[in-house]
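Reader: Hello! Could you walk me through this protein and its ligand, one step at a time?

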Amino acid sequence: MSAPTLSGPLVSRWWGCFPELRRDTLGFLLRCHAYGDVVKLPMGLVVELLLRQRDAAMYVLNHPADVRHVLVTNQDNYRKAPVAPAESRIFGQGVLHTEGEIHHRQRRLFLPFFHGNHVTTYADLIVGKADDLAAQWQDGTTIDIGQAMAHLTLAVIWRLLFGREVGSEATTIRETIAVGQSLIKLQYDSLLASLTPLWVPTKLHRQFTRGFRSIETMIRRLIDERRTATRQGHEDMLSLLFAATDAAGRPLSDEEIRDELMTFLLAGHETTANALAWTWLLLSQHQSVRERLTQEVTEVLGNRLPTAADVPRLRYTKMVWDESLRLYPPAWSLHTRVNHGEDRLPSGVVLPPGAWVFISPWSLHRNARWFPHPNRFDPERFSEESNRTRPPFSYIPFGAGGRRCLGESFAELEGLLILATMASTIRLRSIEGQTIQPEAGMTLRQNVPIRMTVQRVGSSEPHPAAV
Ligand code: HEM
């Protein structure tokens, strides 16, 4: 069978697809739908010279069957492509970036921790923190919902990792993540920036290094304290890592423990916060959906706070969560994969060895072939019936296969409980005149902060009193 001819947009001979991607990453990916199931994006002569690879190209997959093939069926033929230097500095040899046997071992360690039954033990913590936050907000207060959700999910993940409350560290962590986001974006957008070592003292490099050093110092201090304290009675991630051994049966080194903790600290709160911020925005823009969600929460909970046992009954809330993750998947792109050997995809396209395979939940989720009127917010797409008819692998906010998100059940539990807890006491209205657009950074963040006004349930119209 002859392979289909690939087409793609015209790109610069020297710089390949990078200028287009840099100008408008998200729009460019959507425009690529027009070129078929697999779109070839040459990376240009400069990258060909650097990689010493002729015809170096990225291949964007637009068909779910091809996505399944790369992520699941033939996943052993693929590894993650090298990442931006800042990302590699942050995550080290944590489970997000390792490959092969080491990666399998790490997953085997973490899977029971993130198993459904174990994560539900965090339900009361999540609900308590969400309820405390909502209680602090007066009627009419103006809040930055992105910041608020990030601080909330950070407080939760810190407890999960270290079994204690996050204190003044929270501000340093959030500020450093913001700097890290900017640097990673710059390194993805500019070849020069990605080739400049982190020790070159640019302003951003210095801020980044200083910030991450102080987070590392915090983490090291907590590791040291735990080493000298009694280890009994802790059920957090730190104790799991202390009890773990490597392939030779030796305990993990401080460096290995640091890398895992840093990985979960970042992967475990930034994404969920992002998803929640988009969900609150969508709810504020779609009154009938918000009303139906509030009605469900009232029917299921009455006047009490939710528990883990309520989650399966929050069906509509889950549909809203799923639809929000479709429109605004925090992981807008999976890590680029590179194949070892030539591979024929189900669409018939043959990928040469060393092809860079690009799979983007953002692009798949907004493809009109799988989601009619893709830009429309419609939670009904996730009714039981629609779930049955959707092509598998057209919806992959948590990835798929052997690298599927480890924290998926935790993220879902956290997202649904925070929505239900807060929706029962407050309404959030976005302030008029804001134009909020998604921006492709480390996560799919908002281009400007989302400012919202709080209305306490049971009170009349809000009267703005900014804080
Ligand atoms: C809405 C929230 C979240 C989303 C959308 C999300 C999305 C993803 C995606 C798409 C991947 C796969 C990346 C790839 O294949 O290239 C991933 C991996 C991962 N996620 Fe999440 N995630 C979320 C929350 C969490 C949470 C709460 C945790 C931990 C508490 C977590 C921990 C991880 C880890 C450790 C990996 C790496 C898995 C591996 O490579 O084996 N994530 N996540």
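Author: Happy to! The shell around the ligand draws at least three residues from each of domain 1 (18-89 + 333-365) and domain 2 (93-331 + 405-466), with domain bounds that come from an automatic or database domain assignment. Please keep in mind that this is a predicted model, where local features need pLDDT of at least 70, side-chain atom pairs count only at pLDDT 80 or more, and totals for chains, interfaces and linings use all residues. Residues are numbered from 1 along each chain as its sequence is written, and side-chain values use heavy atoms, with hydrogens and water left out.

Reader: Which residues come nearest to the ligand?

Author: A residue is near a molecule if one of its heavy atoms lies within 4 Å of it. There are 26 residues around the ligand, and those that come nearest are His103, Arg107, His335, Arg337 and Cys405.

Reader: How far is the side chain of His103 from an oxygen atom of the ligand?

Author: Let's look at polar atoms, using the polar contact cut-off (a pair of N or O atoms within 3.5 Å; within protein, one must be able to donate a hydrogen and the other to accept it, and residues adjacent in sequence count only if both atoms are side-chain atoms). Arg337 has a polar side-chain atom 2.9 Å from a ligand oxygen atom. For His103, the distance from an N or O atom of the side chain to an oxygen atom of the ligand is 2.7 Å.

Reader: Which helices each supply at least two residues of the shell around the ligand?

Author: Helices here are DSSP runs (H or I, at least four residues), as strands are (E, at least two), numbered from the N terminus. Those that qualify are H6 (100-110), H14 (254-267), H15 (270-285) and H20 (408-423).

Reader: What is the area buried between domain 1 and domain 2?

Author: The two domains touch: 20 residues of domain 1 are in contact (heavy atoms within 4.5 Å) with 26 residues of domain 2. Buried area is the accessible area (1.4 Å probe) that two parts lose on being put together, summed over both. Carbon and sulfur atoms give 61% of the total, which is about 2100 Å².

Reader: Which side chains meet in a salt bridge?

Author: A salt bridge needs a side-chain nitrogen of Lys or Arg within 4 Å of a carboxyl oxygen of Asp or Glu. Between domain 1 and domain 2 the count is one. With 2.8 Å from N to O, the side chains are those of Arg89 and Glu216.
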